[in-house]
Amino acid sequence: MKEVLGLDTKYVLVVNQVPGMTWLLKRSLGASDRHIVVAENTDTAAAMMESVDFDLVISDITQEQMDGFESMCNTWRTNGNGQMIMFSSFGKLEVTSRARNLGVERFLTKPFRVEHLQDEVARVLTTLTQPEAIPAMAN
């Protein structure tokens with residue numbers, strides 16, 4: 001799939017069960033160098049991650065299928081998909097802790113400003129495009 005759109009295109013998966021929020025995220029995160037894909041639940045997201053190497057996955061922690069959430073995180077971690085940003089309502093400490101145990105490191109608390117998410121996405125995708133430092137060769 002990446003060959004079709006180009007090697008510089010970043011693939012972003014948005015997982016959310018609320019259609020209005022999904023539409024807002026897809027519209028506000030779109031850019032010429034990004035391909036935004038939407039999954040309406042964690043089962044669909046996990047299946048997509050099996051076949052596409054996403055650079056970034058963005059998901060609401062609160063999903064109807066909490067077992068699916070764990071499955072999605074395990075698929076993300078196992079398949080080596082890029083970074084993950086999760087967002088949650090304030091007071092979801094137990095869920096946030098569970099996500100951290102599954103390897104998620106970036107969180108936003110709802111309500112959040114779309115601009116804040118845009119900045120975080122840009123920061124994550126920029127770190128993915130920066131070349132790793134090449135160690136100096138010893139003489």
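Visitor: What share of the 139 residues in the protein chain is buried?
Guide: Buried residues make up 40% of the 139, where buried means under 20% relative accessible area with a 1.4 Å probe, protein chains only. The model is predicted: local features need pLDDT of at least 70, side-chain atom pairs count only at pLDDT 80 or more, and totals for chains, interfaces and linings use all residues. Residues are numbered from 1 along each chain as its sequence is written, and side-chain values use heavy atoms, leaving out hydrogens and water.

Visitor: How many helices and strands?
Guide: The protein chain has 6 helices and 5 strands. These are DSSP runs numbered from the N terminus (helices H or I, at least four residues; strands E, at least two).

Visitor: In what pattern along the sequence?
Guide: It reads α-β-α-β-α-β-α-β-α-β-α.

Visitor: And the order of the strands in the sheet?
Guide: The sheet is open, with order E2-E1-E3-E4-E5 and parallel pairing; two strands pair if DSSP finds at least two bridges between them. Strand E2 (34-39) and strand E5 (106-110) are the edges, each pairing on one side only. From one strand to the next, the twist averages 20°, with axes fitted to C-alpha atoms and angles running from 0 to 180 degrees between N-to-C directions.

Visitor: Which strands does helix H2 touch?
Guide: Helix H2 (residues 19-29) packs on the sheet and touches strand E1 (10-15), E2, E3 and E4. Contact means heavy atoms within 4.5 Å. The direction of H2 makes about 175° with that of E2.

Visitor: Back to E3 and E4: how many bridges?
Guide: Strand E3 (residues 56-60) and strand E4 (residues 83-89) pair over 5 bridges. Leu56 stands opposite Gln83 in E4.

Notes:
Buried < 20%, exposed > 50% of the residue type's maximum accessible area, 1.4 Å probe, protein only.
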